[in-house]
Amino acid sequence: MFYIKRFFIWLARCRYSRGFGIQSPNDYSFVMNVINEHAPFYAYSDLEQCFPHVYRRKRRMAELLLRLANWLQPEKVALLSNVDPIYVEYIKAGCNKAIVSANWKSNETKMFVIDRDAVNRSVAIDSAYPSIDSILSTDETVIVITDIYGTNKSLWNELLELGTSIIIFDLYHIGIILCKKNRYKIKYNLNL
C-alpha cells in the first residue's frame, strides 16, 4: 500500500523533478548540487561503515544534512530534537568546524534541524519559539524539518506563514527553508 501511495505522489510531482520550473539560477543550482546530488560524496562510504544498520530514509536524511553542511559551512548547528549520533557525524563530515548542539539561541547558528524522532520535540521547539522571528530574519540560515505532513505539520505551517523573505523547498517528507534577505517568498515542490 505504501508503494502505491508513493507512486501516485511521485506521479503528481513528476513535473517538479530535477529542478524543472525553477527560474532562479541560484535556486536551481541549490536543487541540483545539494538536494538532488546523487553522486557519491567523499565521506559516504566511511560513514556507512560506521553506521551499518540505519534504515534507508534516515540515511538519506543524514546524507542530505551532510550536503547542506558542506554547502553552508556553518559554525553552529542546532538539532532541535534529540541529538542523534548519525546526524552529528554526517554534519561534521560535511563541515569539520561545525559544533552541533541541542540548544543554540544565538544569531551565529546558521543551520537548524528538527527531527520527527525526537523524544522531547515539543520542549525543544517551544524553547526555540521566542527567537523564531529572529531566525527567519537572519540571512543565510537553513531550517530543515522532517515529517512536515505528519508530526511536524503545525510547526511547518507556522514557519511558512511567519517568513517573508524565505525560499521553501517541499520534498514531501522533508522541508527546507532558506532565509535570504532581499528575496521574495517562494515555494518549490520537489520530487526526489
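Reader: Is Asp115 buried or exposed?

Author: Please bear in mind that this is a predicted model. A residue counts as buried when its relative accessible area is under 20%. Asp115 has a relative accessible area of 2%, so Asp115 is buried. Asp115 lies in the loop between strand S3 (109-114) and helix H6 (121-128).

Reader: With which side chain does the side chain of Asp115 make a polar contact?

Author: A polar contact is a pair of N or O atoms within 3.5 Å. Here the partner is the side chain of Thr146, at 3.1 Å.

Reader: Let me step back to the whole protein. How many helices and strands does the secondary structure hold?

Author: There are eight helices and seven strands. The protein has 192 residues, of which 50% count as buried. Its accessible surface comes to about 10,200 Å², and carbon and sulfur atoms contribute 54% of that.

Reader: What share of the contacts with a separation of 6 or more comes from residues 24 or more positions apart?

Author: The share is 66%. Ile145 and Ile176 are 31 residues apart in sequence, while their C-alpha atoms are separated by 6.5 Å.

Reader: Is Ile145 buried or exposed, and which residues does Ile145 touch?

Author: Ile145 counts as buried because its relative accessibility is 0%. Leaving aside residues up to four places away in sequence, Ile145 touches Ile114, Asn152, Leu155, Trp156, Leu159, His173, Ile174 and Gly175.

Reader: Where is Ile22 found, and is Ile22 buried or exposed?

Author: Ile22 is found in the loop between helix H1 (2-12) and H2. Its relative accessibility is 10%, so Ile22 counts as buried. Among the residues that Ile22 touches are Val31, Tyr188 and Leu190. Ile22 and Asn189 are 167 residues apart in sequence, with 9.9 Å between their C-alpha atoms.

Reader: Let us turn to a helix. Which residues of H2 are buried, and against which elements do they pack?

Author: Helix H2 spans residues 25-35, and its buried residues are Asp27, Phe30, Val31, Met32, Val34 and Ile35. These buried residues pack against helix H4 (56-72) and also against strands S5 (166-170), S6 (174-179) and S7 (186-189).

Reader: At what angle do the axes of H2 and H4 cross?

Author: The two axes cross at roughly 125° and come within 9 Å. The contact of H2 with H4 divides into six nonpolar residues, no polar ones and one charged one.

Reader: Which residues of H2 and H4 meet?

Author: From H2 come Phe30, Val34 and Ile35; from H4 come Leu64, Arg67, Leu68 and Trp71.

Reader: May we end with the backbone? What is the phi of Gln73?

Author: Gln73 has a positive phi of about 55°, although Gln73 is not a glycine. Gln73 lies in the loop between H4 and strand S1 (76-79). With a relative accessible area of 33%, Gln73 is partly exposed.

Methods:
Residues are numbered from 1 along each chain as its sequence is written. This is a predicted model: local features need pLDDT of at least 70, side-chain atom pairs count only at pLDDT 80 or more; totals for chains, interfaces and linings use all residues. Side-chain values use heavy atoms; hydrogens and water are left out. Buried means under 20% relative accessible area, exposed over 50%, partly exposed in between (1.4 Å probe, protein chains only). Helices (H or I, at least four residues) and strands (E, at least two) are DSSP runs, numbered from the N terminus. Contact means heavy atoms within 4.5 Å. Axes are lines fitted to C-alpha atoms, for helices over the stretch in contact, and angles run from 0 to 180 degrees between N-to-C directions. Ala, Val, Leu, Ile, Met, Phe, Trp, Tyr, Cys and Pro count as nonpolar, Asp, Glu, Lys and Arg as charged, and the others, Gly among them, as polar. A polar contact is a pair of N or O atoms within 3.5 Å; within protein, one must be able to donate a hydrogen and the other to accept it, and residues adjacent in sequence count only if both atoms are side-chain atoms. Accessible areas come from the Shrake-Rupley method with a 1.4 Å probe; for residues, only the protein chains shown count as cover.
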